[in-house]
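Visitor: Please take a close look at one part of this model, the side of one chain that touches its partner. Then set that part in the context of the rest of the chain.

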Amino acid sequence: MVVEAADSRPEGLPSTVVVEVRDLHKSFGTVEVLKGIDLEVDEGEVVVIVGRSGSGKSTLLRCLNLLERPTSGSVSILGEEITSGRSNLFKVRRQIGMVFQHFELFPHRTAIENVMEGPYIVLGVGKAEARDLASALLEKVGLSHRADQYPNQLSGGEKQRVAIARALALNPRIMLFDEPTSSLDPELKGEVLDTMRQLALEGMTMIVVTHEMTFARRVANRALFIDDGVVVEQGHPEDILRAPSTEQLKRFLNVLFWGENP
Amino acid sequence: MYANYQWDFSWIADEMPLFGMAAWISIKILLLAGVLSLAMGLCIGQGLLSKRWYVFAPLRVWVELFRLTPPLLQIVLIYFLLPLVTGLRLPAFEAGVIALSLNYSAFFSEVFRAGVLSLGKGQSEAGAAMGMTAFQVLKRVIYPQAIRRMLPPITNMLVNLTKDTSLLTIIGVAELFNVSQSVSARSFKNVEVLLVLAVFYLVINVPLSYVANRLYARQTIRI
């Protein structure tokens with residue numbers, strides 16, 4: 001019972017597919033984690049992926065920039081099939097920003113140096129120019145005053161905002177978020193989610209693995225519920241998260257909101 | 001009789017130039033074998049981390065071969081066996097330096113491998129996701145962090161290497177230990193000669209060990 005995605009885009013705008021996943025399978029040893037995923041994401045869309053832990057949602061996200069190599073199936077980014085082996089992976093990855101659950105800031109570099117690293121090393125921009133770009137991005141995420149601090153001097157929420165700035169520094173077309181608020185204390189989640197909402201409003205294409213249902217309902221255009229390696233239900237978040245049509249999603253939401261199995 | 005043993009260090013002045021030359025040879029062995037084994041260890045350690053079996057498997061066998069057999073045996077084998085097998089006869093100094101380098105590279109490769117592994121996958125994934133090449137990830141992300149953890153074991157190994165330079169006496173390299181034996185034979189002052197020899201090793205290793213301890217202390221404060 002798969003519900004078609006609701007298209008919330010104003011009519012008349014041409015849509016460009018920026019992510020296209022076809023029949024994606026991924027096994028770790030004998031365990032099949034993804035069992036045939038199809039997904040298309042249009043430019044400017046915000047897609048949230050929800051599901052139980054171990055359902056394969058993070059693996060799906062990690063297949064999009066080939067941090068995991070799919071066992072079979074294809075992934076195309078901006079029209080280029082990256083699973084074919086002929087594409088320039090390094091070039092494709094520059095167009096995809098990624099934000100991790102545990103931030104993964106470089107601890108030996110200051111906040112601004114973390115943000116400079118992409119433009120300076122990967123894009124080959126001059127150091128002064130990279131610094132200007134980085135300080136503009138830190139300002140955007142509200143952390144100009146923390147530019148010269150090392151990651152271990154920042155709070156979790158600040159670290160994640162620096163990580164978002166670092167990903168944005170490569171001027172990506174697509175942003176991937178892998179449970180960006182899961183390792184944050186409740187009172188720190190808000191600042192990260194606000195930053196992400198801002199990004200969505202600016203038209204960034206975002207794919208977000210998250211348990212934040214409020215964020216999903218208010219910001220996302222589409223929610224994807226993955227269970228046991230397949231897309232069980234998808235549609236507009238308001239629709240499927242309020243009135244799930246499958247038993248699995250009903251059960252998942254129950255556990256999420258009330259912490260118990262019905 | 002032992003209680004009134006007559007200590008005699010009068011030979012020192014005459015033998016000092018010889019000891020000095022021998023000390024220089026020992027230091028040369030330490031520096032050459034140190035640099036070579038670190039360079040080899042870095043490459044082998046990186047290879048051990050490879051996911052491809054045909055890269056890591058032969059390297060693993062190679063490393064275990066040198067790690068699990070006595071260095072003395074390796075020195076003798078390389079000096080005497082290599083000419084038999086290849087027809088190439090290396091001077092004792094070169095053969096000894098190569099043997100020590102191979103032996104220590106096996107241990108250093110483990111230090112480098114463990115140092116990289118101690119960082120966890122997340123850091124290299126963060127670099128890779130930004131579009132860094134594998135080399136850029138190592139240079140910009142992994143090694144600047146890992147080197148801090150590797151320095152104490154590396155300096156420890158170098159202290160050991162200083163002591164192991166004495167093993168080259170077996171193939172007749174005129175390093176400190178070898179020369180001390182000649183001086184003993186000439187002066188019949190075996191005990192005094194050995195004490196002077198100990199001082200020479202201490203003069204090399206005490207500063208090295210001091211640096212190691214300082215680095216170790218600095219690291220524990222930072223993290």
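Guide: In this predicted model, 17 residues of chain A are in contact with 15 residues of chain B. Contact here means that the C-beta atoms of two residues, placed from the backbone, lie within 7 Å. Helix H2 (89–94) and helix H3 (111–122) of chain A each supply at least two residues of the side that touches chain B. H3(A) gives the largest share, four residues. Helices (H or I, at least four residues) and strands (E, at least two) are DSSP runs, numbered from the N terminus. By type, the side of chain A that touches chain B divides into nine nonpolar, four polar and four charged residues. Ala, Val, Leu, Ile, Met, Phe, Trp, Tyr, Cys and Pro count as nonpolar, Asp, Glu, Lys and Arg as charged, and the others, Gly among them, as polar.

Residues are numbered from 1 along each chain as its sequence is written, with chains lettered from A and ligands numbered from 1 in the order in which they are written. Because the model is predicted, local features need pLDDT of at least 70 and side-chain atom pairs count only at pLDDT 80 or more, while totals for chains, interfaces and linings use all residues.

Now the domains. An automatic or database domain assignment sets the bounds: domain 1 of chain A is 1–6 + 14–95 + 173–262, and domain 2 is 106–171. Their centres, taken over C-alpha atoms, are 26 Å apart. Ten residues from domain 1 of chain A and ten from domain 2 of chain A make the contact. Helix H6 (residues 186–201) of chain A brings four residues, the largest share of the domain 1 side. That side has five nonpolar, two polar and three charged residues.

Next, strand E3 (residues 46–50) of chain A. Five of its five residues are buried, that is, 20 or more other C-beta atoms lie within 10 Å of their own, with C-beta atoms placed from the backbone. Val46(A), Val48(A) and Val50(A) cover one side, Val47(A) and Ile49(A) the other. Four bridges join E3(A) to strand E8 (residues 205–209) of chain A, in parallel. Val48(A) stands opposite Val208(A) there. Four bridges also join E3(A), again parallel, to strand E9 (residues 222–227) of chain A. Val50(A) stands opposite Phe225(A) in E9(A).

Last, confidence. Chain A averages a pLDDT (the predictor's confidence in each residue, from 0 to 100) of 90. Over residues 1–9 of chain A, pLDDT stays under 50. Where pLDDT is low, the predicted coordinates should not be read in detail.

Conventions. Buried ≥ 20, exposed ≤ 12 C-beta atoms within 10 Å, placed from the backbone. Pairing = 2+ DSSP bridges.
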